[in-house]
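Dear colleague,

Please find below the structure that I am handing over to you. My notes on what was found in it follow directly after.

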Amino acid sequence: MEWSITLLHIWNFIKEWYWVPLTILYIMVIVTILIENRNPTKTIAWILVIVFLPFIGIILYFFFGQKFKKDEFFKRIDKNHQKIINEKWAEMDQFVQDDLDKVKERIGSFSQVYRYLNNARVAYPATNNKVKLLTNGEEKFPLFLEALREAKDHIHLEYYIFDEDHIGNEIIDILIEKAKNGIEVRVTADDFGSPKLNKHQSRFDGTGVEFQTFLPVRFSSLANSNYRNHRKILIVDGQKAFVGGINISDKYINQNGVISPNNKVYWRDTSVMIEGDSINSLQLHFYLNWMMTEGKKYNISDPKYFYSSKEKNDFSTVSFGLSSPGSDLHSAMEAMVLAITLAKKKVQLCTPYFIPSDEFKTAMMIAVSSGVEVELIIPKEGDSIVVQQASLSFLKPLMKRGVKVYLYEKGFIHAKTITVDDKLAFIGTVNLDYRSFMINFEITSVIENTTLLQQMSAQFDIDKEDSELLNIEKWENRPWYNRAFASICRLLAPIL
């Protein structure tokens with residue numbers, strides 16, 4: 001009886017005074033956000049989430065927004081990475097300057113993009129490359145599988161999504177077979193993007209395949225879910241590489257140009273196959289990310305990991321822009337911004353998610369106001385309602401300036417590409433949003449090749465035919481509640 005009376009008193013006390021500890025908690029969380037000195041826009045976004053989503057906002061912040069010590073962790077890693085990178089640059093300096101001179105002769109001021117990436121010690125430019133544009137999974141995977149089957153020394157694979165479906169299991173079987181034959185096979189899969197494979201990684205036990213989960217998400221490390229390795233890279237024998245937006249999954253493969261039975265929608269995406277000296281930069285960055293896992297260290301200085309060929313084919317200049325959460329240098333975004341500001345004729349952009357940084361949005365506006373034709377393709381229907389609506393909220397000021405916006409209707413456009421004046425192409429994993437620019441581990445290839453750029457321009461025209469041209473009138477004629485919802489979603493843009 002006494003216990004029940006005591007519990008009743010406690011319950012009444014809690015009902016009357018619960019707001020005191022809750023208020024203290026709210027104040028502590030908001031103060032924590034303020035003293036983290038984030039981007040002001042992101043700070044305001046998180047405060048709005050916490051204030052207008054009581055309790056739920058705090059949970060979201062704890063899981064996905066709180067920095068913990070993760071930023072410092074990544075910054076320490078970035079410093080160690082820079083030491084290794086600087087050593088490699090010292091070896092390559094003479095060749096780099098020669099290549100910069102060559103590319104300047106070919107594309108003039110656009111060579112500044114390569115010079116920027118080199119001076120920032122991100123990836124040096126290499127002119128000795130062959131490149132092949134790969135549209136959709138049906139073009140990529142036959143060559144992808146062929147490269148794996150032809151591997152003679154090592155396979156390095158780093159992917160965001162690696163599904164255990166038909167194409168995924170076919171790739172796994174090849175990896176296991178190659179490892180059993182004495183070939184080095186190193187695989188990393190992002191824990192957030194490939195949860196099933198990471199859960200079933202025991203299938204690699206005893207096979208010789210070195211498999212590692214990138215930034216495992218456990219109860220004790222839930223903040224890892226906010227830092228995703230969104231890169232999609234395959235390197236075979238240091239001689240052939242694949243980079244782009246196409247993950248390892250059946251849904252990326254359309255059959256005979258139509259929707260695959262495995263798909264709910266037609267999937268439009270882009271990757272590139274590379275052969276040449278630029279693969280050496282990829283090897284280096286694969287190694288740096290591998291060393292962030294528990295994988296066994298290997299000798300990156302071994303010549304077998306680097307491209308070597310007696311042929312010197314000055315067909316294509318290739319470099320890479322990167323994003324990583326520990327770096328203050330957002331080289332993928334900055335290289336794109338630089339290229340757009342150098343444009344004289346046209347800029348064509350494809351992205352599934354459009355939540356641009358202020359710098360990127362300003363570059364687009366300056367370009368179109370300078371007389372450059374700027375065209376953007378995004379999906380008409382995205383795979384996330386909130387992200388899609390947030391994307392739409394950014395379009396009106398751009399369209400007012402003269403940017404042409406197309407909504408892709410044939411299916412879901414997942415390609416992450418930019419072309420500038422038919423001189424420079426970006427193909428990679430970088431969406432045009434805050435997350436890709438600032439938070440995720442991302443990569444984009446930066447390519448100078450006349451044939452590839454012509455192919456990309458032709459594909460862009462095809463994609464435009466499969467799209468609806470959006471204009472100010474159509475945007476404003478949408479129901480008021482749709483526009484209001486888009487504006488609300490925009491408030492969350494910095495944290496999406």
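Asn-247 is found in the loop that runs between β6 (240-244) and β7 (266-268). Please bear in mind, here and below, that this is a predicted model. Is Asn-247 buried or exposed? Its relative accessibility is 1%, and because buried means under 20%, Asn-247 counts as buried. The side chain of Asn-247 reaches the backbone nitrogen of Ile-161 at 3.1 Å. Apart from neighbours within four places in sequence, Asn-247 is in contact with Phe-141, Tyr-159, Tyr-160, Ile-161, Lys-232, Tyr-252 and His-414.

Thr-429 lies between β16 (424-428) and β17 (432-433). With a relative accessible area of 0%, Thr-429 is buried. Which side chain does the side chain of Thr-429 join in a polar contact? The partner is Glu-442, and the contact is 2.6 Å. If neighbours within four places in sequence are left aside, the contacts of Thr-429 include His-230, Arg-231, Lys-232 and Gly-244. Ser-436 and Ile-443 are also among them.

Gly-428 belongs to strand β16. Gly-428 is likewise buried, at 0% relative accessibility. Not counting residues up to four places away in sequence, Gly-428 touches Val-243, Gly-244, Gly-245, Lys-416, Ile-443, Thr-444 and Ser-445.

In soluble globular proteins, nonpolar side chains tend to be buried together. The largest nonpolar core here has 124 residues, and those that touch the most other members are Phe-144, Ile-171, Leu-349 and Phe-360. Which helix gives this core its largest share? Helix α11 (residues 331-342) does, with 8 residues. Phe-360 touches Met-336, Val-337 and Ile-340, as well as Leu-349, Ile-418, Leu-432 and Phe-437, with residues up to four places away in sequence not counted. There is also a second, separate core of 8 residues, which includes Tyr-266, Ile-377, Tyr-408 and Ile-413.

How many cavities of 30 Å³ or more are counted? The count comes to 1. The largest cavity holds about 120 Å³ of space. It is lined by 14 residues, of which Arg-268, Thr-417, Met-456, Gln-459 and Phe-460 are the closest to its centre. Two or more lining residues come from each of β1 (129-135), β10 (346-350), β15 (417-420) and α16 (450-465). The largest share, 4 residues, is given by α16. By type, the lining divides into 6 nonpolar, 6 polar and 2 charged residues.

Finally, some totals for the whole protein. Its secondary structure comes to 18 helices and 19 strands. Of its 496 residues, 57% count as buried. Among contacts with a separation of 6 or more, 79% are between residues 24 or more positions apart.

Yours sincerely

How values were computed: Residues numbered from 1 in each chain as written. Predicted model: local features only at pLDDT ≥ 70, side-chain atom pairs only at ≥ 80, totals over all residues. Heavy atoms only, no water. Core = buried A, V, L, I, M, F, W, Y, C linked by side-chain atoms within 4.5 Å. Buried < 20%, exposed > 50% of the residue type's maximum accessible area, 1.4 Å probe, protein only. Contact = heavy atoms within 4.5 Å. 1 Å grid on protein atoms, 1.4 Å probe; cavity = no way out; pocket = protein on both sides within 12 Å on 5 of 7 lines; lining within 4 Å. Points joined across faces, edges and corners; volume = space filled by probe spheres on them. Nonpolar A, V, L, I, M, F, W, Y, C, P; charged D, E, K, R; others polar. Polar contact = N/O pair within 3.5 Å; in protein donor to acceptor, adjacent residues only side chain to side chain.
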